[in-house]
Amino acid sequence: MSSEPRRVENQLTDKGYVPVYTTAVVDQPWDSYTPEDHATWATLFRRQREVLKGRACNEFIENQTRFRMTPDQIPRFEELNAVLDKATGWQLIGVEGLLPELTFFEHLANRRFPVTWWIRRPDQIDYIAEPDMFHDLFGHVPLLLNPVFADYMAAYGRGGVKAHGISAEALVNLTRLYWYTVEFGLIRQDDGLRIYGSGIVSSKGESIHCLESASPNRIGFDLKRIMRTRYRIDTFQKTYFVIDSFEQLMDATRPDFVPIYAELASKESLPAGSVQDDDKVYQRGSGEGWATDADA
Ligand code: PHE
Ligand code: CO
């Protein structure tokens, strides 16, 4: 490991206590990556490219290829930025890790995507609780080349700044939207369901589980339904939501959320694994192996 990130405090969020790092933007310390860091990148990169064939959506695979990331070495943010800036005006900025919510939203609103500069240790190859460079770069960055998705992410940032000024409940509603789309979303293609969520594409186990297991629910995208739905942070999701296209996502989230937050304020949240009468059900999960403790 090149060096330890600078953790500053624990912050209570709807996900429980999470470590929050300095809000500083840092230059990627590329020269300090060790051979072990590069090897971790190589292992994860090769493995996921293979797992995602026929599983990730075409836009993800094609856009990832456009960056010319290779297993040979950890990519340089600078080189990725040249491609990204020309395509959609986004840029990557190096950070120590998770940011306070408002800082994160402000970056997104200004088309800056924060990327954790450090990579996980070899013993964390299969699972790491917090986002590292592999999750951020391999998982999030490819779709920033898609113009519609790129606009969605910036709109989300603006929506976040707005929700932050409304209430803690509004923020919870909005965070669930991010979770069930950006992090754990599925998309329907002509040839079946595919993955676009970053939390899935950066995990071998969940890439297979989300599409092939009988255990989780797979349900059609519905904005308010998602905003009411709790989620898991420490196990595979009990429910995945399926969009038809990125345009659908953009169109559904374009309206002012203020009246939606107000309407949802009087409604109960839904358990992560629940199925509702008016859900468009692709698969009703068997629930096998589900944790029985509380959802976040
Ligand atoms: N339309 C949302 C609002 O008024 C903003 C938003 C757009 C939020 C896209 C999420 C995603 O708050
Ligand atoms: Co993420």
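## Basis of the description

Helices (H or I, at least four residues) and strands (E, at least two) are DSSP runs, numbered from the N terminus. This is a predicted model, in which local features need pLDDT of at least 70, side-chain atom pairs count only at pLDDT 80 or more, and totals for chains, interfaces and linings use all residues. Residues are numbered from 1 along each chain as its sequence is written, chains are lettered from A and ligands numbered from 1 in the order in which they are written, and side-chain values use heavy atoms, with hydrogens and water left out.

## Shell around ligand 1

Helix 6 (147–164) and helix 7 each contribute at least two residues to the shell around ligand 1. The largest share, 5 residues, comes from helix 6. A residue is near a molecule if one of its heavy atoms lies within 4 Å of it. The surrounding residues are Tyr 152, Ala 155, Tyr 156, Gly 159, Lys 162, Leu 174, Leu 177, Thr 253, Arg 254, Pro 255, Asp 256 and Phe 257. By class, 7 are nonpolar, 2 polar and 3 charged; here Ala, Val, Leu, Ile, Met, Phe, Trp, Tyr, Cys and Pro count as nonpolar, Asp, Glu, Lys and Arg as charged, and the others, Gly among them, as polar.

Polar contacts are pairs of N or O atoms within 3.5 Å; within protein, one must be able to donate a hydrogen and the other to accept it, and residues adjacent in sequence count only if both atoms are side-chain atoms. A polar side-chain atom of Lys 162 lies 2.5 Å from an oxygen atom of ligand 1. A nitrogen atom of ligand 1 lies 2.7 Å from a backbone N or O atom of Thr 253, and a backbone N or O atom of Arg 254 is 3.4 Å from a nitrogen atom of the ligand. Of the 330 Å² of accessible area that ligand 1 has on its own, the protein covers 92% (Shrake-Rupley method with a 1.4 Å probe; for residues, only the protein chains shown count as cover).

## Cobalt site

His 135 (NE2), His 140 (NE2) and Glu 183 (OE) coordinate the cobalt ion (ligand 2) at 1.9 to 2.1 Å. Donors are N, O and S atoms within 2.8 Å of the metal (3.2 Å for Na, K and Ca); water is not among the atoms, so sites may look incomplete. The donor residues follow the spacing H-x4-H-x42-E in sequence. Because His 135 lies in helix 5 (residues 133–140) and Glu 183 in helix 7 (residues 168–183), the pair ties together parts that are 48 residues apart in sequence.

Both His 135 and Glu 183 are buried, a term that denotes under 20% relative accessible area, with exposed over 50% and partly exposed in between (1.4 Å probe, protein chains only).

## Other buried positions

Asn 146 lies in the loop between helix 5 and helix 6 and counts as buried at 11% relative accessibility. The side chain of Asn 146 reaches the backbone nitrogen of Phe 149 at 2.9 Å. Contact means heavy atoms within 4.5 Å; leaving aside neighbours within four places in sequence, Asn 146 is in contact with Glu 59, Asn 63, Thr 88 and Phe 246.

Ile 200, in helix 8 (residues 198–201), is buried at 0% relative accessibility.
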